[in-house]
Amino acid sequence: MEHYDAPSLTFLFDMELTVDQPYHLGVTPKGNRRIIQVNDGYFRGSILNGTVIPGGDDWITVLEDGTIIQDVRILLKTYDGAYIAMTYRGIRTGTSDVLKRLDRNEEVNLNEYYFTTQPVFETSSKKYDWLNKRIFVAQGRRMPGKVNYSIYTVGE
C-alpha cells in the first residue's frame, strides 16, 4: 500500500472565549460531568472575523485520570452578519499536577499539556458555505476565565 504525505494545515482564525465557573453535576451514568457556560468571545483571521454569541456551553466529561473530554456548542456571528454554528469535541490532558493547576484556574504553560479539538462548522451562508465542506483542527490553551484556540483547515 502506498504511503501518502500528511495533509497540510492552513491557519483559519484565532478565537478567545470568556467562560464561567463550571457547574459540577458529579458522577452520572455517563461519567463525571461539568458544564461550563460560554459568556462571549471573538474570532480573528484573514478571511473570517466576528464575535461569539453568549449562551454556548461546554459539556465536559472528566475521566478518572483527570483528562477532560469536551463537547462544545457555540454560535458565531461574522462581522458581515452571517451566523455559523460551531461544535467541537476535544481532549485536554497532562500530568496529574498540571490538570489540578488547570482545574484551579491557574495559568499553565501550553507545552505542559495536550489540548486539541476538532471543530465542525454549519452555516446557511452562501459566502461561508465552504466551512460546511472542510475538516478543521485546533490547538487550545486554558487561561484564567477564558480559553483560546488557533483553528486550522486541514488539507488546504
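This is a predicted model: local features need pLDDT of at least 70, side-chain atom pairs count only at pLDDT 80 or more; totals for chains, interfaces and linings use all residues.
Let's start with strand 9, which covers residues 146-154. In a regular strand the side chains alternate between the two faces of the sheet. Here Val-147, Tyr-149, Ile-151 and Thr-153 make up the covered face, while Lys-146, Asn-148, Ser-150, Tyr-152 and Val-154 sit on the uncovered one.

Strand 9 pairs with strand 1 (residues 9-19) and with strand 8 (residues 136-143). The pairing with strand 1 is antiparallel and has 9 bridges; within it, Met-15 has Tyr-149 as its bridge partner. Strand 8 also runs antiparallel to strand 9, through 8 bridges, and there Gln-139 stands opposite Ser-150.

**The nonpolar core**

The largest nonpolar core counts 34 residues. Met-15, Ile-74, Leu-76, Phe-121 and Ile-151 are the ones touching the most other members. Strand 1 supplies the largest share of this core, with 5 residues. Ile-151 also belongs to the covered face of strand 9.

Take a look at Leu-76: setting aside neighbours within four places in sequence, its contacts include Phe-13, Met-15, Phe-43, Val-52, Ile-84, Met-86 and Phe-121. Thr-51, Val-52, Ala-82 and Tyr-83 are among them too.

**Salt bridges**

The whole structure holds 11 salt bridges, and three of them are tabulated here.

| Pair | Closest N and O atoms |
|---|---|
| Lys-146 and Glu-16 | 3.7 Å |
| Arg-101 and Asp-97 | 3.7 Å |
| Glu-106 and Arg-101 | 3.8 Å |

What does the bridge between Lys-146 and Glu-16 tie together? Lys-146 lies in strand 9 and Glu-16 in strand 1, so the pair links parts 130 residues apart in sequence. Lys-146 is partly exposed, at 28% relative accessibility, whereas Glu-16 is buried at 15%.

Arg-101 counts as buried because its relative accessibility is 18%, under the 20% cut-off. Asp-97 is partly exposed at 45%, and so is Glu-106, at 30%. Through shared partners, salt bridges join Asp-97, Arg-101, Arg-104, Glu-106 and Glu-112 into one network.

Technical notes. Residues are numbered from 1 along each chain as its sequence is written. Side-chain values use heavy atoms; hydrogens and water are left out. Buried means under 20% relative accessible area, exposed over 50%, partly exposed in between (1.4 Å probe, protein chains only). Helices (H or I, at least four residues) and strands (E, at least two) are DSSP runs, numbered from the N terminus. Two strands pair if DSSP finds at least two bridges between them. A nonpolar core is a set of buried Ala, Val, Leu, Ile, Met, Phe, Trp, Tyr and Cys residues joined through side-chain atoms within 4.5 Å. Contact means heavy atoms within 4.5 Å. A salt bridge is a side-chain nitrogen of Lys or Arg within 4 Å of a carboxyl oxygen of Asp or Glu.
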